[in-house]
Amino acid sequence: MRVFWSSGVIGFSICVFLVGVNASEAGGQVVRGRLLDGDGSTAIGGAMMSLVGDSEQEQERDLNLTRESGLYQLIAAVPGRYRVRAERIGYATTYSDYFEIAAGDTILVDLVARVEAVSLMGIEAEGERRCRVRPEEGLAVARVWDEARKALKAAAWTQERGYYRYEMMGIERQMDRENRRVISEERTHGGGYGQAPYVSLPAAQLMKDGFARLTPSESVYWAPDAAVLLSDEFLNTHCFRVGRDENRAPGLIGLAFQPVGGRDVAEISGTLWIDHATSELRRLDFYYENLELPEALLSAPTGGTVEFRALPNGTWIVDSWRIRVPRARMTTNPLTRRAEPVLDGISVHGGDVLRVHGNEGTVLEADPGGRIAGVVFDSLQVGLAGARVYIEGLANEAVTSGDGRFELIHLEPGVYSVTFSHPYLEPYGYIPDPFEVEVVEGAKTPAQVNFVAPTMTRIANGLCSGAERPAAKATTAHGASFANDGVLIGQVTDGAGEAIAGAMVRVLLQSFDINGLSQPSSASNVIGVVYDGAVFSTDRNGHYLACWVPVDIDVRVSVVSVGSEVELNALRGEVLWNLAELQGETVVILSEVPVRTLDLRVESN
């Protein structure tokens, strides 16, 4: 499987070009004018204008969108007899009278648009489920296609000639086999000037070679763009019917399509979903067919979604796209003992347009998508500022505000494992247990989850849950006992502040028995010394962790020199005490606050 994020094709599933825009060549026969509303004075912007001849075929270089002022300009490739056609989504098409244009002429043609609205409200799904190639004018399927075609034509025009600066986010996501739980996600960000953020392969190539290329070494999938859906190659090899699905697409009417019989290449079927109230194209859902995949992988929901968006000036773009394909792993069949693939999960590849910038500034700010919001509280139920809330396996995080609030955005439907960290927790290496949060498709409000930061006692118990706690209390030579409740953590660095991995940190309790010392000059009376302690090694980041250290008594914490041949478990008693100290401090861990941090810096000689 391959994914390219560059000025070329996104080879896994989608083709994206970030290339310069070639301005239309000047010359030819020019038709200029304005499109006005029914009152004859109000300009209409965002209408698709075209020149058509006697055969109603659009001529080369004959498309343009009206500006806010209603102005347009069209160029006829050759002299001849034409008329101007104005198309607006949701309204009947307007035509001018026919006119003749001679070589090199420039003529003025103003149009007053028809105010007749096109309604799709009364169209129902076709009971016979008959699929038609290029349906005749007047049929319900033709009416729905005509409105979808207007948006697709504007998107194709924008794709070919528009010039915006896009900010985009590429997404690679790994899901479980049910396509519900998010396992991991990687996001990449890019941008630049380009014709469109999403461009497919040419229609002729897709119809000849198919929408997928599957070989033992790679799997590459493609999705259609507006130009492909409008092409003669696609329309001649796919048939259409009207459908509805109130569960998956409430309030929308669908134009479903499928490949005609006899197609033996990787194909797609799907549905163009249109708002029946506004006649605006919303999205394309599609599914791959004729894929040469092992039987175990064919049950996966292989397909994708392409979402369309109208920009304020009447241009249209694809602002979001996704491809879902099966992810396989090899296993051994217990009966045949042969290696065979099984479905391991679903791989999702795609991208989102975050912002679109034009000459007039930012013309599109993307919807934040699915959201998870909440509050991180401290142990006293006060909002905790500066906490980092993140989703396990995803490059998606947020930092809490002064009152502890956060919001994670740009999430797709699925179940996420959410947790948090904070600077005061990080030195302890403490990671709270995550909460599972479900983002529901179409939700109007964010999914909610709140967190409460742990107390120091809970942190201590969590840090040392895997370390055996001494059964007896620490006892000094005087007979005093101290609870083994303390946890000591820290980092060892060199003189330059760089972490020292593999450093040995000694934590030592020392007390003296002076009860037998009655005559200082007597050689028979000595001070008894009691040793208790252990040595700990720092990890790759220079951190150490000492569990169940006696509290409310002096302990000596030192970085010590240990020979490579010495076993740490053998370091006890006087041997432990005699290790050379490179750097150390004497500290007391208080029983009221049983977790203490002590960083040690070893200066070079």
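Buried means under 20% relative accessible area, exposed over 50%, and partly exposed in between, with a 1.4 Å probe and protein chains only. The model treated here is predicted, with local features needing pLDDT of at least 70 and side-chain atom pairs counting only at pLDDT 80 or more, while totals for chains, interfaces and linings use all residues. Residues are numbered from 1 along each chain as its sequence is written, and side-chain values use heavy atoms, with hydrogens and water left out.

**Exercise 1. Positive phi**

Task: locate Asp552 and His410 in the secondary structure, and state the phi of each residue.

Solution. Start with the elements: helices (H or I, at least four residues) and strands (E, at least two) are DSSP runs, numbered from the N terminus, and the protein chain has six helices and 41 strands. Asp552 sits in the loop between β37 (543-549) and β38 (554-560), and its phi is near 65°, a positive value in a residue other than glycine. Asp552 counts as partly exposed because its relative accessibility is 37%. His410, by contrast in placement, is found in strand β27, and although His410 is not a glycine, it has a positive phi of about 60°.

**Exercise 2. Burial and the nonpolar core**

Task: describe the largest nonpolar core and the surroundings of Ile372.

Solution. For the chain as a whole, buried residues make up 47% of the 605 residues, and residues 24 or more positions apart account for 64% of the contacts with a separation of 6 or more. A nonpolar core is a set of buried Ala, Val, Leu, Ile, Met, Phe, Trp, Tyr and Cys residues joined through side-chain atoms within 4.5 Å. The largest such core has 97 residues, of which Phe234 and Ile372 touch the most other members. Helix α1 (residues 140-161) gives the largest share of this core, 10 residues. Leaving aside residues up to four places away in sequence, Ile372 touches several residues, among them Phe406, Leu408, Leu411, Val437, Val439 and Val449.

**Exercise 3. Salt bridges**

Task: which residues are linked with Arg85 in a network of salt bridges, and how are Glu147 and Lys150 placed in helix α1?

Solution. A salt bridge is a side-chain nitrogen of Lys or Arg within 4 Å of a carboxyl oxygen of Asp or Glu, and by this rule the count comes to 27. Arg85, Glu87, Asp146, Arg149 and Lys153 are linked in a network. Within it, Arg85 pairs with Glu87, their closest N and O atoms being 4.0 Å apart; Arg85 is buried at 9% relative accessibility, as is Glu87 at 3%. Glu147 and Lys150 form a salt bridge with an N to O distance of 2.9 Å. Because they are three residues apart in helix α1, Glu147 and Lys150 are separated by about one helical turn, and both are buried. Arg405 and Asp403 meet in a salt bridge at 3.3 Å, N to O, and Asp403 is partly exposed at 41% relative accessibility.

**Exercise 4. The largest pocket**

Task: what is the volume of the largest pocket, and how is its lining divided by class?

Solution. On a 1 Å grid over the protein atoms alone, a pocket is an open set of points where a 1.4 Å probe fits, with protein on both sides within 12 Å along at least five of seven lines, and lining residues have an atom within 4 Å of a point. Grid points are joined across faces, edges and corners, and a volume is the space filled by probe spheres set on the points. The volume of the largest pocket is about 1,900 Å³. Its lining has 50 residues, with Arg283, Glu307, Pro413, Glu441 and Gly442 nearest the centre. By class, where Ala, Val, Leu, Ile, Met, Phe, Trp, Tyr, Cys and Pro count as nonpolar, Asp, Glu, Lys and Arg as charged, and the others, Gly among them, as polar, the lining has 22 nonpolar, 10 polar and 18 charged residues.

Methods
Contact means heavy atoms within 4.5 Å.
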